[in-house]
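Here are my notes on the model you sent. Please read them with the structure open.

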Amino acid sequence: MKHRYLFSILLVALCAVSCQKSFLQLNPPTQLNTATFYKTANDFQQALIGVYPWLRNWALPTSWLMGESRSDNTRYDFNTQNRAVAILERENVDDWVDDANNSTTKTKYVADYAGIERANMILDQIEAAGIDSLTRNNVTGEAEVLRAFFYFDLVQFYGGVPLNLHTVASPAQAFLTRASVADVYAAIIADLKDAITRLPQKPTFPQSGRVTIGTAEMLLANVYMVQKNYAQAQEALEAVTKLGYSLNASYANAFSTTNKNSAESIFEVQYQQGSANGQYSYFIYDFIPPMASTTVVTGTNTNTLSASGGQNVPTLDLINAYESGDARLDATVGMIEGHTDANGNFVAESLKSIVGYTAPPGKVGRRFAKKYLHPSATPGQTDDNWPIYRYSDALLMLAESLNEQGKPADALPYLNQVRSRAGLTASVETDQTALRAVIAHERRIEFALENKRWTDLLRTGQAIPVMTAFAAVIKQDPRVPANAYSKIDQDHLLFPIPASEIQLNPLIKQNTGY
Amino acid sequence: MIFFKLCRDKEKRLITQQIRLVMKLTFVLLIASLLQARAATFAQQISLNENNVSLRKVLNDIHKQTGYDFIFDHDILKDIQNVTIHVKNAAIGDVLSLCFKDKPLKFHILERSIVIEYDPVTPVVVQDIIIKGRVTDPNGTPLQGVTIGLKGGQVSSVTDANGEYTITVPGRNGALIFSYVGYETKEVKINDQSNISIRLAVKNNALSEVVIVSYGVQSRANVTGAISQLSASKVKDQPVGQFAQQLQGQFAGVQANINTGKPGQGMEIQIRGAVSINAGNYPLVVVDGQPLSPIGNQNPINYINPNEIESFTILKDASASALYGSRAASGVILITTKQARAGKTQISYDGFYAQASLDRSHVPPMMNARQLATFMNQFFQDKIKYEGYINPQTGTATVPAEYANPDQYGKGTDWLGQVTRSAPTQSHNISISDYRERSSTSIVAGYFKQQGVVINTGYERYSIRANTEFRPVDGLKLGFNLAPSYTVDNNSIGSPTDGSRQIVMGALLSSPITRPYNPDGSPVNQASGFFLLALPNYRLIAENQNNKVRTGRMLGNSYLQVDLLKGLTFKTSFNIDMAQAATNAFTNQIAAAGFNAPPPRPVSAITGYYNTDNYISWVNENVLTYKKTIARDHHLEALAGYSAQKLSEYTNRSNGVTYSDASIPYVSAATTTTGTSALTQWSLLSSFGRLDYNYREKYLFETSIRSDGSSKFGSNKQYGVFPTVSAGWVVSKERFIQRMLPSISFLKIRGSYGLTGNNNFNSSNYPAASLIGNTTYVLNGALVSGRTVSQLGNADLTWEKNKQFDIGFDIGLFNNRISLTYDYYNKITDGLLYGINLPASSGFGSVNSNIGTFKFWGHELTLNTANTTGAFKWNTSFNITFNRNLIQKLGTQNLPILPLNAYSWPNIQMVGQPVGAFYGYVNQGVYMTTADFNASPKDVTSTVGSVKMKDLTKDGKITTDDRTIIGNPNPKFIYGMTNSFAYKRWDMNIVIAGSYGGQIADPLLGGDANNLDGAFNIYASNLHHWRSQSDPGDGKTPRTLAGTTALYRTFNTHSVHPGSYLTCKNIAIGYNIPLHSNKYISKLRAYVSVQQAFVITKYQGLSPETNNQGTSGITGLVVGVDAVQYPIARTISFGLNMGLF
């Protein structure tokens, strides 16, 4: 009897020891891990899809906040009720009240690098994976373009940033110093040039929403334009013109939710309405004033009283810049007419055209970014894509690159393609300096609310004079904070590196002036 | 021959003793000197041939043959049977042995004399006798259930409800032992008595108790670690749903705080100030040997009916907790549930009814209607003056009508009162205890229902526990404990009552000018007036909450214990803990809380979800114990064990949107539904051993070791080894101490050192793995799925380890009327588990890592005194704890972990500072004049009349670099005191608990209630704000100019408050109702109690106890922050304890 007990104890102990190893090796059964992933062509295709969603983190809100509201094109309506810090931080970006602790501007930095790292994961492992060359080239090319896109965004808004081109294998590798602006551009150009050799040599229409060779050439041209390397920019842009793109007959139609990824589109961030898959966009609700019911504006009812509405509102400065008869004004900016209720809230009554609008007595008219107003089935969940590059960008940059190379006459046909679509007369300006201003103005109007204005001002060296003049006018409004636009200088053309980044990594030095 | 005639009885015994002593001494002296002579003397030979003659005759013959004298009492030969003896040339010793064989006599030979004595060990005649009697307490109240046993014998009995017993014992010699929990054990010699009635003295000291320790029990006197034990019966009068509430103020070194008043929620227990920064620092809770695990974020202790509990044991130091080494870094709470006691079958009922209500003396000082109207009036006057304000309603520069005449308002609406109520709680428990020779069963069935003081919240629990043990043969035990429970949390888990901008905080920020109902009785949707942020009517929000969590849980223990050899016992147990929690949540057009816009919202805003969380955790433990006493004084106990544990958790979630209306509050009514499921697991494999040795229970020694492998850690670093050693010296057992200091009844000095570990990390079961998550995007207008790295792996992630040293003593004075326990501990936590922030340029936010070293040390003192004995009894138990901590190392570069922006949580972790210090600006008032403004450092938003922060960097600018350490949430000491009184049938118990010296930060309410933008109802102190240089206010409150106000509400010294408090946790008065031979009720006690009777504090928030922790989860990252929790109610209850049949 006693022996039998001892025997059973021994048995239990033996079993326990023998099953020990596998007992402790647990991997999440409902998730993959990096050890088992990145092997097959399908794995890499899926990893590539995993890079794209970071474009959405880039788009909302910093693409318009730092790319458009920062400029003279848009401001915010004073949201007197909701003074939440998140809203103040957005207003601060618009007002040039800059603070490295602003958590909103940090979202751009974080999104860009998150996208870069997901691309790094692919690029580090795809060569050794031994998958078919077609998939390898396509996936590599797209990942390179996306990485270049994110770095180009970083270098324009923050200057030289840490150049992280490989996966972080250990925590120690996460601490990098800032690279020079030139080094970042060199990396961007290298990625794009390689991608151009790998991607299919023509986009297929209708386009899918993926990066194409057109995206790569357009982005490369944009980089050269920033570097004032007009000849190579011209070369890349001429390549774009041969890829099958064309302008829509109607300007408004370029943003229509029924005309996504059209022949005019070179690259846009994809969204889809319907809540089941969480792919919807939300831009318009930030752009219209807060109100108890949005039905009059959006067609479906959402209560945005406590949300962050009334932002990215087109300025009078922008409205006044439109030439009369420009079809793009009505397509870009709308007017919401309404009144103020007993609680001080705005109540929308009707949608009006901006063209020739004056508010009737007792009513208020409020401008908004009509370009992105399209009906959606579910309130608060829109179908609108977010444009990055349109064909008119290639045309106007080509015009600019030719003019800058002293060939204004060659530039005019490209400029006039854009003007004629807007219903305007063709420009005949052949003086290089005058034409430079015409093209810049054309770009401001053509891409109003498409987040080109700020980088265009930077690229053309106009940011300080334009913004100084704009501030002088806008600051006459007593509601504009006293400290707004107080530092329009060279230092503040770059945003501060997020303070948390410097706290975490002592190797990072802040931009001067912060 | 000489015959001594001796006296009787006492004198006789006394004299015999003296003679014996003298004889012994003489014998010792003689034996040396006469060793040689002895041989000759004893060489005398005796020859006898006697048949059935009296012993006296035989002795006479021996006297004649040898000359030896016999000394004896005549009486002892009276009943001696006759002797038959035949010997030839035998020695005298052998002859006497033969003669006395089977007789109650013994002899000593002393030189030439032989002493004959009565020898009681040899039984004469065995005759059963019946003894009856009655056992009472010192007041004469009968004690039921007292065990009466025969010393050294097998028989036992138990007293009935009248304290009476009957026991049949063999013979009239021997003694009875009376024992009863909580009373001194008493031994009474039978001495022919047939009626023995006694009074038992109350045990006034716990030192003689047996305490539950890791994998066994120990006599308290032999314990070498820092262990505290509490019998649940001492705290039974507290009307609580969670046992942890009963632990408040009871133990030195244990801080049990309520951080939210949510029914069935919110208890946080910290042992020795245990804190980790991201890993859990909740003590391990072990119920009858089964370690519990949290389900999701829910505390596992909520499911245990406090009535099922027999005792709590807190294991504090490394040596005590070592056998749970792997997860014992934050201490261990051992819970023993009720087992049947020997005696008559007992049935009892315990229940209470309670009423809870808000303590109105602790409500944040918000503005009333008149004050808010006055503030807004001034706000608009200033806005007109400085910002050119035009009232959009009138188109003129005038103060809006609502605020034009503040004097028309009085106090206005009490919104906090609108969302709270007086709420009942009831609890009913039936307990049955049945003990038989071969089996025993204890059953506790309970029902508990608590309505919350916030409207539409509550908690309900049905529970049963059945503990059964079978003892089919001696040396074999089979046990089965089953404890199913079912709980319903109505809007108390996951509902928007606690925290930032939820119902309670929203009510505080609502305008008292607005009314909750229209004159026609219909509810008003918006709780704010003109210009104020459009807050919803939070009463409506609360009424419309619909979130029920239904949890079925079962704890099951089964064990087999076998005595293999003498002293060698094997026990194997298999325990399971399984639960299914189902959450049905539905948000109609009104219910969305937070700072959502006022209702009603469109139909499209209706959402619902249904979650199920199935979880099963099993533990198998195999323990071999060997006990041996060597050479009577060396007590040895060895233990070796092996344990395996695995937890699997299956979760499913379905979401519903697009409802046509809110009539069916389930996902099934949604047009669009989505769902997901997941499985997560962890496992733990451990082997352990312990060796205890003591010499005469005077010198104590113990060592143990445990090795654990955890699936949570990096493949290379799964195992951790946790050894400990401890020793004790029971000084009071030394003779010289007993002689020199007789007032010391007990004194033990003890010390321990050892390692313990922590793997309770971040609620993630795969913190070391590099994970890939799913992601989706749209291509070609269709959804495509992709994958993206969601967590960076760390193959080197390993155990967080604690090195702990403890030294202490236990002392009992004046027959243990005063007892005192003191401990000093010093603990170093190494390799802290933390998700360290990575630079964003890595593409990741954080990676799980072992990053730092924290040091903890402190003193703990417990004093128990029996102040009075006799008819009026008064006992006091007092404890005080001084905990200190310091951060010694953080990561490789000692960079602080700090709030990444000025608006987030205010705690910072910085080397050289205590854990969780507050980090923010130093508020110096306001820029009172232009001259002051021009001469002072400024923030980008500063202006005359705005807040003035201190320029610590001396660069002339106020930036985030000017933040510094501005407060410490760690109290200087915490304390608790229990006074219990008893007089005749009355008893009374008062428990207080408190904390001194810590600070509380209120960045949430402080942020919004100091918002001068005219958005909310705010702190009344802000009425005296800066308006102009000639009307500068109180010098502390800045102006309301738009764009200048945000800095005032970023975290600064203005939001740091003293956090000391003293809370009277419970006052209970009970009365034992006299019963005159009631057939159904054998015992009846009624009591009334007040819980949370009063709080003394300077803190202005809802509760100073929030000081312990912020929202859910305990980390050093959110310590001491008032997150505007569900208020803690004052509860008055009436209870009954009834013995049935």
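1. Strand β52 of chain B pairs with strand β53 (residues 1081-1097) of chain B through 11 bridges, and the two run antiparallel. Gly1070(B) has Tyr1087(B) as its bridge partner in β53(B). Strands here are DSSP runs of E, at least two residues long, numbered from the N terminus. Two strands pair if DSSP finds at least two bridges between them.

2. This is a predicted model: local features need pLDDT of at least 70, side-chain atom pairs count only at pLDDT 80 or more, while totals for chains, interfaces and linings use all residues. Residues are numbered from 1 along each chain as its sequence is written, chains are lettered from A and ligands numbered from 1 in the order written, and side-chain values use heavy atoms, leaving out hydrogens and water.

3. β52(B) (residues 1061-1072) also pairs with β49(B) (residues 986-996). That pairing is antiparallel and has 10 bridges. Val991(B) sits opposite Asn1066(B) of β52(B).

4. Ile1069(B) belongs to strand β52 of chain B.

5. Confidence next. Chain B averages a pLDDT of 85, and 91% of the residues score at least 70. pLDDT is the predictor's per-residue confidence, from 0 to 100. Residues 1-12 of chain B fall below 50. The model scores ipTM 0.94 and pTM 0.79.

Definitions and conventions. Helix = DSSP H or I, 4+ residues; strand = E, 2+ residues; numbered from the N terminus. Contact = heavy atoms within 4.5 Å.
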